[in-house]
Amino acid sequence: MTSKLTMDKLVSLCKRRGFVFQSSEIYGGIGGFWDYGPLGVELKNNIKRAWWKAVVQERDDIVGLDCAIVMNPRTWEASGHVDTFADPMVDCKSCKRRFRADELEGQAAAAGAHGHAEAPPAVVRCPECGGELTEPRMFNLMFKTYVGPVEDAAAIAYLRPETAQGIFVNFDNVLTTTRKKLPFGIAQIGKAFRNEITPGNFIFRDREFEQMEIEYFVRPGSDEEWHNHWVEERQAWYLRLGLHQESLRVRRLEADELAHYAKDTYEIEYLFPMGWSELEGIANRTDFDLRRHSEFSGKALNYFDEETNEHVTPYIIEPSAGVDRLLLAFLFDAYDEEEVKGETRTILRLNMALAPIKAAVLPLSRNEQLVPTARRVWELLRGKFMSQYDDAQSIGRRYRRQDEIGTPFCVTVDFDTLNDDAVTIRHRDSMQQDRVPIANLVGILREKLEV
Ligand code: ATP
C-alpha cells in the first residue's frame with residue numbers, strides 16, 4: 001500500500017474507471033448501498049472465485065451451499081439476532097444526526113488516552129455540531145419485510161444479516177447427502193443486509209454487502225486446534241493473493257468484545273487509511289448454533305460418531321469475510337505510483353488471479369492493416385480470458401490506462417507483425433517487452449496467468 005493514496009482518491013479512481021458507483025446516483029444515492037461497474041464486477045467475481053477455489057475446490061473436506069436470503073423468522077429468534085443483534089444508538093438533539101454510542105465512546109476514550117493523565121473524562125457530544133446527545137437506545141440492525149400480501153406481525157420476515165444461519169439450518173441436509181465425516185465444512189457466498197447506523201468509509205461498511213463464510217464442524221475438544229489452523233490458513237490466503245504482510249495483522253478479541261455465541265474470536269485486520277480495521281472474523285462459535293436450532297425447531301442437529309458410538313453436537317469454527325471490504329483492501333494494497341521518464345505512472349499491482357482484465361490487445365495505431373490483424377489476435381484471446389481491445393489515442397496513453405486498472409499484459413500489434421506473425425507482450429509491473437509468435441500467444445499467457 002502506498003501512503004499517496006487517500007480514500008477520496010481511491011473513490012474517485014473507482015468511479016472514473018468503472019469499479020464502483022454510488023447506488024441510484026442520479027437520485028442522489030442512498031447511504032450504505034453501492035453498485036459495481038464493469039471492472040468492479042470482474043474484480044469482485046475474481047475475489048469470490050479465488051476464495052471458492054481455495055476453500056471448496058482444492059479441499060476434500062468442504063462443500064458449497066447457496067441459501068435463500070429470506071428465511072423462516074424463527075431462525076433469527078434461535079440465532080439470537082431478534083434479541084441481541086443491536087447496536088446502542090444516540091441522536092444529536094440539535095442536528096438530529098444518529099451515531100453508534102460505542103464508536104463515539106471509543107473515540108472519546110482514545111482522545112482521553114492521548115491527553116494528559118489529569119484531564120477530566122471526555123464528555124461525548126455530537127461530532128458534527130457539538131450538540132447534546134440523547135441517552136443510548138438499542139437499535140436492531142436487521143431489515144424487516146413482509147412475506148405475502150398482509151402486512152401484519154405474522155408476516156414479518158428479515159433480510160438475512162449473515163449467511164451463516166442458512167448453513168446451520170441445512171446441517172442435516174448436507175450431512176445426509178454428502179456423508180461427510182467430522183471435521184468438515186460448508187461454505188457459502190452471498191448477500192447480507194444490516195441496517196448499519198453509520199455506514200461509511202466507502203464500501204467498508206455497507207447496508208447491503210456480500211459475505212464469504214465457512215462453517216467448519218469439528219469434534220468438541222479439537223476446536224481450539226482447528227481455530228488456530230483456520231487463523232493460519234486464512235492469513236496465508238491473503239498473503240498468497242498479494243496483500244503486503246506489513247498491512248495485515250491478526251488481533252484476538254478481548255472477552256468483552258466477543259459476540260454472544262463466541263468462545264474466542266480472532267480478527268484479520270488490514271491497515272486502511274482510517275486505521276487497522278477488520279477484514280475477516282474467525283470465531284469459535286462452540287455448539288451454540290446447532291443446539292439453539294435443535295431447541296427451536298425440535299429437530300436434532302447432531303452427528304453420530306462411529307468411533308465412539310455416540311451422538312455429538314459439533315463445535316463450529318467460522319471464518320467469515322466480507323467481499324466488499326476485501327475488494328477495498330486489495331485495491332488499496334495494489335495501488336502504486338512511480339516516476340517514468342518524468343511522468344507519473346499509476347499502477348494497480350493486483351495479483352493476476354484478481355486482475356479484472358488479463359490482457360489488452362493494442363494495435364500500434366489505427367492503421368488499416370494493423371486493425372484487422374489486432375482484432376484477429378483479440379479473437380484468439382477473448383474466449384480464453386477477460387481481455388480488451390483498445391485503439392483510441394497514443395500507445396503510451398493506452399499502456400497507462402491498462403496499468404491504472406491492473407491489466408497484467410498488453411499485447412501490441414505493430415508493423416513487424418504483418419511480416420513475422422509475432423506480437424509484443426508488455427508486462428505491467430516491469431514494463432519489460434517480449435516478442436512472441438502469435439501461434440504461441442495463448443499458451444504463453446495461460447502459463448503466465450496460471451490458468
Ligand atoms: P464490524 O465490527 O465491522 O461491524 P462485525 O464484527 O459485525 O463487523 P461480522 O458479523 O463478524 O462483522 O461479519 C463478518 C464479516 O462480514 C466482517 O469481517 C466483514 O468483512 C463483513 N461485514 C460485516 N458487516 C459489514 C458491513 N456493514 N459492510 C461490509 N462488510 C461487512
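## Close-up views of a predicted model

**View 1. An open sheet of three strands has the order β5-β4-β6, and its pairing is antiparallel.** Strands β5 (98–100) and β6 (137–140) stand at the edges with a single partner strand each, so one side of each is left without a neighbour in the sheet. Neighbouring strands of this sheet are turned on average by 50° against each other, direction ignored. Strand β4 (residues 86–91) runs antiparallel to β6 and is joined to it by four bridges, and proline 88 stands opposite methionine 138 in β6. Strands pair here if DSSP finds at least two bridges between them; strands (E, at least two residues) and helices (H or I, at least four) are DSSP runs, numbered from the N terminus.

This is a predicted model, in which local features need pLDDT of at least 70 and side-chain atom pairs count only at pLDDT 80 or more, whereas totals for chains, interfaces and linings use all residues. Residues are numbered from 1 along each chain as its sequence is written.

**View 2. Strand β10 pairs with β9 and with β16.** Strand β9 (residues 184–193) and β10 pair in the antiparallel sense over 10 bridges, with alanine 192 opposite phenylalanine 209 in β10. Six bridges join β10 to β16, again in the antiparallel sense, and the bridge partner of phenylalanine 217 in β16 is isoleucine 316.

**View 3. Helix α2 (residues 38–57) packs against α10 at an angle of about 110°, with the axes 10 Å apart.** The two helices are therefore roughly perpendicular, a label for angles of 65 to 115 degrees (under 35 is roughly parallel, over 145 roughly antiparallel and the rest oblique). Axes are lines fitted to C-alpha atoms, for helices over the stretch in contact, and angles run from 0 to 180 degrees between N-to-C directions. Leu43, Lys44, Ile47 and Lys48 of α2 make the contact with Val323, Leu326, Leu327 and Phe330 of α10, two residues being in contact if their C-beta atoms, placed from the backbone, lie within 7 Å. This contact has six nonpolar, no polar and two charged residues.

**View 4. Arginine 349 lies in the loop between β18 (343–348) and β19 (359–363).** Arginine 349 is partly exposed, because 16 other C-beta atoms lie within 10 Å. Leaving aside neighbours within four places in sequence, arginine 349 is in contact with Ala334, Asp336 and Asp429. Arginine 349 and aspartate 403 are 54 residues apart in sequence and, C-alpha to C-alpha, 8.2 Å apart in space.

Key:
Buried ≥ 20, exposed ≤ 12 C-beta atoms within 10 Å, placed from the backbone. Nonpolar A, V, L, I, M, F, W, Y, C, P; charged D, E, K, R; others polar.
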